[in-house]
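Welcome! Please have a look at the sequence and the 3D structure before you read on.

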Amino acid sequence: MTPELPWNYKKLLWLPLLGFLCILSLFAIFNIDHGLQDWLYLPRHVFPFQHSNGYELWLHDRIKIASNSLLWVVLVAAVWPNKTLSWRYFRGPLIIAIIAILASVSAMRSLKDVTGIYCPVQLQEYGGAIELHPKIELGHLMIINDGDGHCWPGGHSTAGFSWLAMFFAFYSMGRKRAAFIVLGAALTYGHFLGLVQVIRGQHFLSHQFYTMAICWLISLFLFSLWHFWQNRKGKA
């Protein structure tokens, strides 16, 4: 049978969800989103590195290229002929991880089109031209806006958070240590990329936490289905 994750899937759902809701509560109580952007914007009435071509090149464009290249490496590892490595213990988790990564990227793009959230630099309070119309909020977090923005969730941080899928992949292989290393790397990388965009006024801080949660749930859902299917096959 396929090695099971050491935690129950319900814990992988409810414990991270509880932590996420606690984070949202802090954002709402302390108005962290706008408070941070006010602090970044006010000193010079422009966001740090807002117009930096170097940041755009190295921490936006090149990052995407690196993430796509790494995805190809994982794909090659998954399909490379090797009779000693079975589908159930090695190839399957890698293939599901690739699907989860692609699904995360696609989900972010779709949500950006649907939600219509504006970036800080587009708003009048931060030097932009957009005056926000009435919107639905959770605390001070912008969830749904009637505009035509393209800023929620944080697409750039997806290049890091989508790799949370590899945490599930390594755990499905029974590689606990590697799983936690990948988990830490994906979280660190995703938040770093998100903070770069926050500093430049391209996102509110809460956006990257939504991205993290969405990527986690997508991977959890797909690996849950895969394990369920594998267990059904094993009992057949």
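**Before we start**

This is a predicted model, in which local features need pLDDT of at least 70 and side-chain atom pairs count only at pLDDT 80 or more, while totals for chains, interfaces and linings use all residues. Residues are numbered from 1 along each chain as its sequence is written, and side-chain values use heavy atoms, with hydrogens and water left out.

**The overall layout**

The protein chain has eight helices and two strands. Helices (H or I, at least four residues) and strands (E, at least two) are DSSP runs, numbered from the N terminus. Of the 236 residues in the protein chain, 45% are buried. Here, buried means under 20% relative accessible area, exposed over 50%, and partly exposed in between (1.4 Å probe, protein chains only).

Let us turn to H1. Its 22 residues reach 32 Å from the first C-alpha to the last, close to the 32 Å expected at 1.5 Å a residue. That expected span is 1.5 Å times one less than the number of residues.

Tyr 9, Leu 12, Phe 20, Leu 24 and Phe 27 are buried in H1. These residues sit on the same side of H1, because they cover an arc of only 80° around the axis. The arc is that of the directions from the helix axis to the C-beta atoms. The other side of H1 has exposed residues: Lys 10, Trp 14, Leu 15, Leu 18, Ile 29 and Phe 30.

Trp 14 is in helix H1 (residues 9-30), and its relative accessibility of 55% is why Trp 14 counts as exposed. Together with Leu 13 and Leu 217, Trp 14 forms a nonpolar patch on the surface, with about 300 Å² of accessible area. Such areas come from the Shrake-Rupley method with a 1.4 Å probe; for residues, only the protein chains shown count as cover. Patches are made of residues with over 30% relative accessible area and no salt bridge, where like charges are joined within 9 Å and nonpolar side chains (Val, Leu, Ile, Met, Phe, Trp, Tyr) within 5 Å. A salt bridge is a side-chain nitrogen of Lys or Arg within 4 Å of a carboxyl oxygen of Asp or Glu. After H1 comes Asn 31, with a positive phi near 50°.

**Helix H7**

Helix H7 (residues 176-199) has 24 residues, which should span 34 Å at 1.5 Å a residue; its end C-alpha atoms are 35 Å apart, which agrees. Among the buried residues of H7 are Ala 179, Gly 190 and His 191. Just after H7, Gly 201 has a positive phi of about 80°.

**Aromatic rings**

Rings of Phe, Tyr and Trp (its six-membered ring) pair if their centres lie within 6.5 Å; planes under 30 degrees apart count as stacked, over 60 as edge-to-face and the rest as tilted. By this rule there are 13 aromatic pairs. Two of them are set out here.

| Pair | Centre to centre | Angle of planes | Type |
|---|---|---|---|
| Tyr 41 and Phe 47 | 5.2 Å | 50° | tilted |
| Phe 168 and Phe 223 | 5.7 Å | 25° | stacked |

Phe 168 in helix H6 (residues 165-172) and Phe 223 in helix H8 (residues 205-235) are 55 residues apart, and their pair links distant parts of the chain. Phe 168 is buried, with a relative accessible area of 0%, and Phe 223 is buried at 0% relative accessibility.
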